[in-house]
Amino acid sequence: MLENVRLAFQGIWSHKMRSFLTMLGIIIGIAAIISIVSTIQGTNNALRDRLVGSGNNTVKVNLSSGGMDITIYDSSSIPEGVPMVSEETLAKIQSLSNVSSVTAYNTRFVSDGVFYKSSSLTEFNIHGIDANFFKTLDYRVKSGRTFLRDDYTNFRKVLIIDQTASANLFRGENPIGQTVDINKQPFTVVGVVYQVSSYTPNIQNLDDYYTNSDNSNGLFFVPKASWPIIFNYDEPENVIIKASSTDDMTNAGTATASILNSTFSNASDNVVYQAQDLLGIVKQQQELSNTTNMQLIWIAGISLLVGGIGVMNIMLVSVTERTSEIGLKKAIGARKGVILGQFLTEAAVLTSMGGLLGVGAGIAMSQLIHRFSGIPVAINIPAAVVAVLFSMAIGIVFGLLPSVKASNLDPIEALRRE
Amino acid sequence: MILKLDHIYKDYNTGKLVVPVLHDVSLHVEEGEYVAIMGPSGSGKSTLMNIIGCLDRPTSGSYELNGENVLNKDDRSMAEIRLRNLGFVFQNFQLLPKQSALENVALPLVYAGVRRRERQRRAAEALTSVGLQDRMNFQPSQLSGGQKQRVAIARAMVNKPRLLLADEPTGALDSHSSIELMKLFQRLNDDGVTIVMITHSPDIAAYARRTCDIFDGVISERRSGHINAAQRAEKEAEEEAERALARMRQASRRREQTGGLA
Ligand SMILES: Nc1ncnc2c1ncn2[C@@H]1O[C@H](COP(=O)(O)OP(=O)(O)OP(=O)(O)O)[C@@H](O)[C@H]1O
Ligand SMILES: [Mg+2]
């Protein structure tokens, strides 16, 4: 076997030009496939990073009804029969192996009733948060400070805003220390925060819009304890978890939702907790782009077929040329199978080399595509390995006919020829 | 008895025409014999040799090699017999052009499944025994005809077969190389290898202990063909003297020519 491979290399090397031309079809086909796969992979990775957020891995587990998230904007839109999330439940979620942190928070969409001096803020979200919120969502302090332990427990009227809200409400003024009226309750701004690894949502349809429309005109944060000061009620909460890894997001979200849903049974309007499945959305988009790319791969596959036929053609010529070599080998005792093996190995080595060169050319080509059109590319190692193995298979399939022909040569006939 | 062919008939079927080539050929060869087969071109010598060499099957007749009937064996076993029990030498050497002498000689060992190290050792040994120890890595194109034929003999003998089949081994060699080759054959025969050799040349046939003639596919034993070793030596000396004489004549002729011009 090894001897065959050595012989094959020798044969290929002694006909460099011919071998290269024979391989060309395979090289082009494989190069095309590799560069297509690389751009698919690159686009998918970019999509995933952009939509899911690199390294953030947070999953929202929101109250929803009939598949749509519930937005609370006044007391009449509060779903009934859903309790607040207990410390026990939070601990249970926290103990899931694929959850690294969890936070439960109140949230409302506020249309008006917030004033600073003469300006007002409309259409924004307000969150009543616990001490885990900023950590889970990777918020950092831009100016001022974050909430203190006392803020969370002592019903203080303190407020943290994000940069959007700061820009919309204070228009360049320093917000720290200023007083904002929320539902006629005065709250003091103690800090401005920003999110470190926020994703830029990829909004493609109305659903996506609702999913990602949190921070419309800005975000207000108050300690959860102070929530009833503004709204008079204890309200059901939404939950956000941070999964241990991007791949865990879907599972962690589903597990969290089912823990939360087990804490109540008779909510109105079939309200349940539902985990956002960003990975699922990504997958859908990837599948969409994959179907178009599959067509390209088929076209490249035809080039491989043509390449394979080229290999068969040259191998047939080679068998005719080497008739006396084959005859001699059989005469001195080479069995049929040995000759068959030799020629099959030669074909397989030839096309595998073509495959390897094709992978190299494909990588080079995808780098060029990236350089000139900016399309993200990512080299897919398993695809490269499969490509080389596939080329080898082409060699074996298309080398079969010539090899059988060689192994069936009559040694007498072969030796008689000069 | 190493070879026992009885009543061998061979016809070639070329479409409509049936060409009879061998006609009731019987040939018995004892272990250690050295047989020459002579005959005009087209008389069926190579056809017979192919049958003896298990490359071809007769139309009818029986053939025992080492007391074993080989005609009822399948192709695979025939290949095995060629590999283990027979050595082949051809008129046109049939070396693989892109491979060194050593690799050529090692080829049958590859098919016999011998390990690489051992192959090289045995191939080198075989090449040494034909006096080519300093040409092991030469390619066939870098060797003379006589050397190529010696490589071919080394290849034929590397698996240590008991029977060497040679189809016009000196056909492409000059007389000097032919004599060298015959010495080599003699040595192999002295070591106990049975040799069957086809030749056109009576001089070459004279080296064998026994000569058979084929004429139109019919074989006959030559009675007077037996030449013993002493006679053979005498003949060699005679030939050597003749060549020396020829050289002298040529030299003097050249001298005359140049003298004439001056
Ligand atoms: N495959 C074949 N088909 C038809 N006829 C054949 C075939 N092979 C050989 N012959 C015929 O058989 C006869 C004997 O051929 P063979 O090769 O045995 O002769 P030979 O004695 O070896 O001659 P030479 O001394 O020229 O080599 C020839 O007449 C040849 O035409
Ligand atoms: Mg012949």
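Predicted model: local features only at pLDDT ≥ 70, side-chain atom pairs only at ≥ 80, totals over all residues.
Local features need pLDDT of at least 70, side-chain atom pairs count only at pLDDT 80 or more, and totals for chains, interfaces and linings use all residues. Residues are numbered from 1 along each chain as its sequence is written, chains are lettered from A and ligands numbered from 1 in the order in which they are written, and side-chain values use heavy atoms, without hydrogens and water.

**Exercise 1. Locate ligand 1 and describe the shell around ligand 1.**

Step 1. Ligand 1 lies between chains A and B. The space that ligand 1 takes is the second largest pocket. A pocket is found on a 1 Å grid over the protein atoms alone, as an open set of points with protein on both sides within 12 Å along at least five of seven lines; a molecule sits in a pocket if more than half of its atoms lie within 2 Å of its grid points.

Step 2. There are 15 residues around ligand 1, and those that come nearest are Ser41(B), Gly42(B), Lys45(B), Ser46(B) and Thr47(B). A residue is near a molecule if one of its heavy atoms lies within 4 Å of it.

Step 3. Sort the shell by class: 3 residues are nonpolar, 8 polar and 4 charged. Here Ala, Val, Leu, Ile, Met, Phe, Trp, Tyr, Cys and Pro count as nonpolar, Asp, Glu, Lys and Arg as charged, and the others, Gly among them, as polar.

Step 4. Assign the shell to elements (DSSP runs, with helices H or I of at least four residues and strands E of at least two, numbered from the N terminus). At least two shell residues each come from α14 (411-416) of chain A and from β1 (3-14) and α1 (45-52) of chain B. The largest share, 3 residues, is that of α1(B).

**Exercise 2. Find the side chains in polar contact with oxygen atoms of ligand 1.**

Step 1. Apply the cut-off for a polar contact, a pair of N or O atoms within 3.5 Å.

Step 2. An N or O atom in the side chain of Lys45(B) is 2.6 Å from an oxygen atom of ligand 1. For Ser46(B), the distance from a side-chain N or O atom to a ligand oxygen is 2.6 Å. Thr47(B) places a polar side-chain atom 2.6 Å from an oxygen atom of ligand 1.

Step 3. Of the 630 Å² of accessible area that ligand 1 has on its own, the protein covers 69%. Such areas come from the Shrake-Rupley method with a 1.4 Å probe.

**Exercise 3. Decide how many residues of α1(B) are buried.**

Step 1. Buried means under 20% relative accessible area, exposed over 50%, and partly exposed in between (1.4 Å probe, protein chains only).

Step 2. In α1(B), 7 of its 8 residues are buried. They are Lys45(B), Thr47(B), Leu48(B), Met49(B), Asn50(B), Ile51(B) and Ile52(B).

Step 3. After α1(B) comes Cys54(B), with a positive phi near 60°.

**Exercise 4. Is Phe155(A) buried or exposed, and what is the phi of Asp24(B)?**

Step 1. Phe155(A) sits in the loop between α5 (149-153) and β8 (158-162) of chain A. Its phi is positive, near 55°. Phe155(A) is exposed because its relative accessible area is 54%.

Step 2. Asp24(B) belongs to strand β2 (residues 17-29) of chain B. The phi of Asp24(B) is near 50°, a positive value in a residue other than glycine. Asp24(B) has a relative accessible area of 33% and is therefore partly exposed.

Key: Polar contact = N/O pair within 3.5 Å; in protein donor to acceptor, adjacent residues only side chain to side chain. 1 Å grid on protein atoms, 1.4 Å probe; cavity = no way out; pocket = protein on both sides within 12 Å on 5 of 7 lines; lining within 4 Å.
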